[in-house]
Amino acid sequence: MRAFTVRELGSMEPVEVPDPEPGPGQVLIEVAATGANYVDGLFLHGRYQIKPPLPFVPGGEIAGTVKALGPGVEGPVIGSRVVALCGFGGFAEQVVVPAAAAVPIPDVLDFPRAATFTQSYCTGLYALRTRAGLQEGETVLVLGAGGGVGLAAVQIAKALGARVLAGASTAEKRDTALAAGADAVVDTSSEDVKTAARAFSEGGVDVVYDPVGGKLADPALRSLRDYGRYAVIGFTAGIPSIPLNQVLLRNRSVVGVDWAIWSMTRPERQAALHREALDLVADGRLDPVAPAVRPLEEAGQVLDALLNRQVTGKVALVP
């Protein structure tokens with residue numbers, strides 16, 4: 001099979017490798033689609049805090065069909081449609097994962113949407129409900145709302161009963177956020193985020209969801225009301241410095257959200273969160289945005305576009 005392999009940081013190439021075989025407790029998945037994520041681009045260029053040894057195959061989430069079961073594994077059924085987190089190795093035609101990691105896909109999700117669901121939507125559910133304690137009727141400012149992580153947060157917040165102001169830098173991204181359910185949008189390239197957020201929420205939002213950082217962090221922090229919570233997701237625009245007096249004032253809180261580490265160290269809780277997120281899809285409370293679909297051969301170009309913030313929504317790569 002082909003596996004798109006990083007032998008030198010910054011470049012990938014297709015490599016012919018032996019077909020993998022599932023061992024005890026494992027299943028073999030024939031990959032129908034794999035999600036391309038910002039973090040994969042960081043891995044490709046050696047810019048993430050975790051640096052896998054070379055060579056490695058990027059790709060942390062896949063969707064496909066169960067092809068074989070390892071010794072002692074009774075399920076899932078061969079031929080069933082599943083989604084799985086694999087950490088690395090997803091940019092390939094076949095992947096072996098622990099049997100418990102292969103989760104059935106609801107009938108309403110096709111492979112590309114399933115392959116681009118887990119990281120963004122589990123991050124959103126963990127961040128907004130578990131870390132920020134979002135309650136029904138509260139208001140949320142979602143930054144980077146035109147990207148995959150931001151669009152997932154918009155939909156998760158709406159499913160939890162919140163009102164959402166979506167911040168994005170282009171008209172296309174703002175229109176996509178509105179189509180995903182946002183109540184209103186703010187142009188983060190030209191409008192004052194603090195003023196817009198306070199007007200939207202009549203004095204200050206309850207939660208800020210920030211995967212962007214950079215120069216937007218300060219006005220977003222100042223947009224919080226009394227006891228507001230600032231959820232730190234990531235830093236696509238750079239790691240900001242924030243004035244701690246603005247945290248002290250009005251009893252605000254800043255919470256870190258590292259869903260990846262949480263999910264790896266608490267697999268049983270992550271499995272329950274994953275099932276709950278997929279149940280929200282099956283029940284019609286979440287309608288994941290269809291990703292752009294590109295061939296796996298274009299993985300390098302797609303990851304560079306993600307790093308340069310040139311992608312609206314998500315991208316699924318198809319072998």
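Phe 43, Tyr 48, Phe 56 and Phe 88 make up one aromatic cluster. This is a predicted model, where local features need pLDDT of at least 70, side-chain atom pairs count only at pLDDT 80 or more, and totals for chains, interfaces and linings use all residues. Residues are numbered from 1 along each chain as its sequence is written, and side-chain values use heavy atoms, with hydrogens and water left out.

Searching the whole structure gives five aromatic pairs. Rings of Phe, Tyr and Trp (its six-membered ring) pair if their centres lie within 6.5 Å; planes under 30 degrees apart count as stacked, over 60 as edge-to-face, the rest as tilted. Phe 43 and Tyr 48 are an edge-to-face pair, with 5.0 Å between centres and 65° between planes. Both Phe 43 and Tyr 48 are buried, meaning under 20% relative accessible area, with exposed over 50% and partly exposed in between (1.4 Å probe, protein chains only).

Next, charges over rings. That term requires NZ of Lys or CZ of Arg within 6 Å of the ring centre and within 35 degrees of the ring normal. The charged end of Arg 81 sits over the ring of Phe 111, 4.9 Å from its centre. Arg 163 lies over the face of Phe 200, 4.3 Å from the ring centre.

Now the sheet. Six strands form an open sheet with parallel pairing, in the order β10-β9-β8-β11-β12-β13. Strands (E, at least two residues) are DSSP runs, numbered from the N terminus, and two of them pair if DSSP finds at least two bridges between them. The edge strands, β10 (184–187) and β13 (253–256), each pair on one side only. β12, residues 224–232, pairs with β13 over four bridges.
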